[in-house]
Amino acid sequence: MQQTANTASDWGDVIFSLTEKRQHAAEHASKLRAEHQLLALDAAMGSGDARKRLEKINGELYRLTTEGDDFAA
């Protein structure tokens, strides 16, 4: 079980950790979007491998977006 933060220092650590996670998620999403753009034409022209990778990228982007929504709430 995780210990609850009760001091200003503890809360500062929690906020810092969440900020780092949010930044990492944003950077990862940016890389995925760039890869998505590179694969889109190949997938549209019938490449099964590109289509499969795009499906994985779309799933990961969806997951990151919903996590981002949790951070913003």
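Glu55 is partly exposed, with a relative accessible area of 48%; partly exposed covers the range between buried (under 20%) and exposed (over 50%), using a 1.4 Å probe and protein chains only. Glu55 belongs to helix 2, residues 48–72, where helices are DSSP runs of H or I with at least four residues, numbered from the N terminus. This is a predicted model, in which local features need pLDDT of at least 70 and side-chain atom pairs count only at pLDDT 80 or more, while totals for chains, interfaces and linings use all residues. Residues are numbered from 1 along each chain as its sequence is written, and side-chain values use heavy atoms, leaving out hydrogens and water.

**Salt bridges**
- The count comes to 3 salt bridges, each a side-chain nitrogen of Lys or Arg within 4 Å of a carboxyl oxygen of Asp or Glu.
- Glu55 pairs with Arg51 at 3.0 Å, N to O, and both sit in helix 2, 4 residues apart, about one turn of the helix.
- Arg53 and Glu35 form another salt bridge at 2.8 Å, N to O.
- Because Arg53 lies in helix 2 and Glu35 in helix 1, this pair ties together parts that are 18 residues apart in sequence.
- Glu60 meets Arg63 at 2.5 Å, N to O.

**Nonpolar core**
- The largest nonpolar core has 10 residues, among them Ala25, Leu32, Leu54 and Leu64; such a core is a set of buried Ala, Val, Leu, Ile, Met, Phe, Trp, Tyr and Cys residues joined through side-chain atoms within 4.5 Å.
- Helix 1 (8–44) and helix 2 are the elements that give two or more residues to this core.
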